[in-house]
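Here are my notes on the model you sent over. I have kept them to numbered points, for reading beside the structure.

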Amino acid sequence: MMNARDDKAARRAEIEKICREHGLPLTAQRRIVLETLPKLNHPAVDEIWEQARESMPEVSRTTVYRTLEMFSKLRIIRKVCHPGAVARYEDKTNRHHHLLCLRCGKMTDLDDPSLDKLHLPGAGTGYQIEDYSIQFRGLCKKCMADKKHKQNL
Ligand SMILES: [Zn+2]
Ligand SMILES: [Zn+2]
């Protein structure tokens with residue numbers, strides 16, 4: 001079994017390989033975006049930018065945005081878009097699902113093996129289905145407590 005450090009090194013090597021194949025050097029700015037992403041929970045561009053600036057004050061929002069878009073297209077990271085919410089990014093690219101709070105926009109990962117056994121729509125759709133992700137919408141713990149509190153006032 002691989003330990004966490006080997007895992008990280010393996011992922012790093014994989015990313016470097018993908019970038020090399022596409023002729024994209026892993027610049028310091030791109031690296032900082034990659035290092036920042038896993039530290040945050042499904043962050044939007046601004047959250048990543050804010051955090052990245054702590055270690056690299058000169059990095060621009062445009063660079064952070066372009067880097068995120070580029071890595072998403074290369075499937076190194078994943079862009080999660082939900083209707084009515086800002087685009088968020090995550091470095092977890094395996095199949096998983098999300099819980100979304102309708103009030104504060106908080107997004108939480110949900111791993112549930114029973115949701116991974118859905119029958120995929122086939123040829124009749126005209127699409128070749130590659131993946132799917134289910135989104136459950138509701139209220140998070142904190143917002144539920146806030147709501148109760150307000151009702152009691
Ligand atoms: Zn909430
Ligand atoms: Zn996720």
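1. A class convention comes first: Ala, Val, Leu, Ile, Met, Phe, Trp, Tyr, Cys and Pro count as nonpolar, Asp, Glu, Lys and Arg as charged, and the others, Gly among them, as polar. On that basis the lining of the second largest pocket divides into 2 nonpolar, 5 polar and 4 charged residues. Please keep in mind that this is a predicted model.

2. The second largest pocket holds about 230 Å³ of space. Its lining includes Ser72, Arg75, Ile77, Arg78 and Val80. His82, Thr93, His98, Glu130, Asp131 and Ser133 also line this pocket.

3. The largest pocket has a volume of about 410 Å³. Its lining has 13 residues, and Lys8, Arg11, Leu34, Pro38 and Asp91 lie nearest the centre. Helix 1 and helix 2 are the elements that give two or more residues to this lining. Helix 1 provides the largest share, 7 residues. By class, the lining of the largest pocket has 6 nonpolar and 7 charged residues, with no polar ones.

4. Which residues coordinate the zinc ion (ligand 2)? The donors are His42 (NE2), Glu90 (OE), His96 (NE2), His98 (NE2) and Asp109 (OD), at 1.9 to 2.1 Å. Their spacing in sequence is H-x47-E-x5-H-x1-H-x10-D. Within this set, His98 in strand 3 (residues 97-101) and Asp109 in strand 4 (residues 107-110) link distant parts of the chain, 11 residues apart.

5. Asp109 has a relative accessible area of 28%, so it is partly exposed.

6. His42 deserves a look at its backbone. Most residues other than glycine have a negative phi. Phi of His42 is near 45 degrees, a positive value. This zinc donor is found in the loop between helix 2 and helix 3. His42 is buried, with a relative accessible area of 4%.

7. Arg75 also has a positive phi, about 60 degrees, although it is not a glycine. Arg75 lies in the loop between helix 4 and strand 1 (78-80). Where His42 is buried, Arg75 counts as exposed, at 60% relative accessibility.

8. The largest nonpolar core has 21 residues, of which Leu34, Val64, Leu68, Phe71, Ile76, Ile77 and Tyr89 touch the most other members. Helix 1 (4-21), helix 2 (28-36), helix 3 (45-55) and helix 4 (61-73) each supply at least two core residues. Helix 4 gives the most, with 4 residues. Leaving aside residues up to four places away in sequence, Phe71 touches Cys19, Leu26, Arg30, Leu34, Ile76 and Ile77.

9. Helix 2 has Arg30, Ile32, Val33, Leu34 and Thr36 as its buried residues. They pack against helix 1, helix 3 and helix 4. Leu34 is also among the residues nearest the centre of the largest pocket.

10. Thr67 lies in helix 4. At 3% relative accessibility, Thr67 counts as buried. What does Thr67 touch, not counting residues up to four places away in sequence? Its contacts are Arg30 and Val33, both of them buried residues of helix 2.

Key:
Residues are numbered from 1 along each chain as its sequence is written. Chains are lettered from A and ligands numbered from 1 in the order in which they are written. This is a predicted model: local features need pLDDT of at least 70, side-chain atom pairs count only at pLDDT 80 or more; totals for chains, interfaces and linings use all residues. Side-chain values use heavy atoms; hydrogens and water are left out. A nonpolar core is a set of buried Ala, Val, Leu, Ile, Met, Phe, Trp, Tyr and Cys residues joined through side-chain atoms within 4.5 Å. Buried means under 20% relative accessible area, exposed over 50%, partly exposed in between (1.4 Å probe, protein chains only). Contact means heavy atoms within 4.5 Å. On a 1 Å grid over the protein atoms alone, a cavity is a set of points where a 1.4 Å probe fits but cannot get out, and a pocket is an open set with protein on both sides within 12 Å along at least five of seven lines; lining residues have an atom within 4 Å of a point. Grid points are joined across faces, edges and corners, and a volume is the space filled by probe spheres set on the points. Donors are N, O and S atoms within 2.8 Å of the metal (3.2 Å for Na, K and Ca); water is not among the atoms, so sites may look incomplete.
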